[in-house]
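Here is a short report for a reader new to this structure. Look over the sequence and the model first, then read on.

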Amino acid sequence: CCGLANGLAGNPVITAKGPDDNAFVEALRALCVELAKKMASDGEGATHLITCTVTGAGSEQSAETVAKSVIGSALTKAAIFGADANWGRVLCAMGYAKAPVRPEYVDVKCSSEVGEVLVCRQGSGVDFDEALAKSILSQDEVVIDVNLNEGEQQATCWGCDLTYDYVKINGDYRT
């Protein structure tokens, strides 16, 4: 087992581009995305997998920074746990990101397998069907789509909700 990774297996070294490079890269990317989603959904006490996709960013780095901030926000996580389409928490999390974002351009949409609902347009709340939003956010997998409307770059990050069980699990043990 140990000799296979050090060249003793005698396999040719992969150094140049080959005909299967694109297929390999796509398969590796799909595997990494699936693993990231599984790790995120397996959070202690988690009940929802949350995907945050940020589009319309000026740079990929800005998109990723914003998506990570939204996914990492305790307030956003709690809102998803409570099936609350609180777009203000998403914009608040974006503000913590310290990325170049103009809130007055931002659109936020929530979706899942049962539908989608626009909750914020150009940085302001819009009228939406609260029952539909609750149904969407009650699903196991929830997507928060953020369009910064400032460019062509995008990024996606995954996380989970913040539940009573998470707090109990992490509050009950001592180090």
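## A pair within helix α2

K68 and E64 both belong to helix α2. They sit four residues apart, about one turn of the helix. An α-helix has 3.6 residues a turn, so residues three or four places apart point the same way. In this predicted model, the side chains of K68 and E64 meet in a salt bridge, with 3.0 Å from N to O.

## Other salt bridges

Side chains of opposite charge can pair when their charged atoms come close. How many salt bridges does the count come to? The count is six. One of them joins E150 and R102, at 3.8 Å from N to O. E150 lies in the loop between β5 and β6 (153-160), and R102 in the loop between α4 and β2, so this pair ties together parts that are 48 residues apart in sequence. E150 is partly exposed, with a relative accessible area of 27%. R102 is also partly exposed, at 38% relative accessibility.

K109 forms a salt bridge too, and its partner is E116. The closest N and O atoms of K109 and E116 are 3.7 Å apart. K109 has a relative accessible area of 25%, which makes it partly exposed.

Helix α4 spans residues 87-96. Which of its residues are buried? They are V90, L91, A93 and M94. These residues cover an arc of only 155° around the axis, so they fall on the same side of α4. The face turned away from this buried side carries the exposed residues G95 and Y96.

What covers the buried residues of α4? The cover includes two helices, α2 (60-72) and α3 (74-81). It also includes the strands β2 (107-112), β3 (115-121) and β5 (141-147).

## The ends of helix α4

After α4 comes K98. The phi of K98 is positive, near 55°.

## Positive phi in two loops

A83 has a positive phi of about 55°, although it is not a glycine. A83 is found in the loop between α3 and α4. Is A83 buried or exposed? With a relative accessible area of 7%, A83 is buried.

N149 likewise is not a glycine, and its phi is positive at about 55°. The loop between β5 and β6 holds N149. N149 is partly exposed, with a relative accessible area of 37%.

Strand β2 contains S111. S111 counts as buried, because its relative accessibility is 12% and buried means under 20%. Which residues does S111 contact, leaving aside its neighbours within four places in sequence? They are E116, I136, E141, V142, V143 and D145. Among these, E116 is the salt-bridge partner of K109.

F81 has its place in helix α3. F81 is partly exposed, with a relative accessible area of 27%. Leaving out residues up to four places away in sequence, F81 touches T47, H48, D161, L162, T163 and Y164.

The chain also brings F81 and S138 to 7.9 Å from each other in space, C-alpha to C-alpha. In sequence, F81 and S138 are 57 residues apart.

## A nonpolar surface patch

Which residues make the nonpolar surface patch? They are F24, V25, L28, L31, L35 and M39. The patch has an area of about 610 Å².

One of its members, L31, is found in helix α1 (residues 21-41). L31 is partly exposed, with a relative accessible area of 49%.

Key: Residues numbered from 1 in each chain as written. Predicted model: local features only at pLDDT ≥ 70, side-chain atom pairs only at ≥ 80, totals over all residues. Heavy atoms only, no water. Buried < 20%, exposed > 50% of the residue type's maximum accessible area, 1.4 Å probe, protein only. Arc of directions from axis to C-beta. Contact = heavy atoms within 4.5 Å. Patch = residues over 30% accessible without salt bridge, like charges linked within 9 Å, V, L, I, M, F, W, Y side chains within 5 Å. Areas by Shrake-Rupley, 256 points an atom, 1.4 Å probe, with all protein chains shown as cover. Salt bridge = Lys/Arg side-chain N within 4 Å of Asp/Glu carboxyl O.
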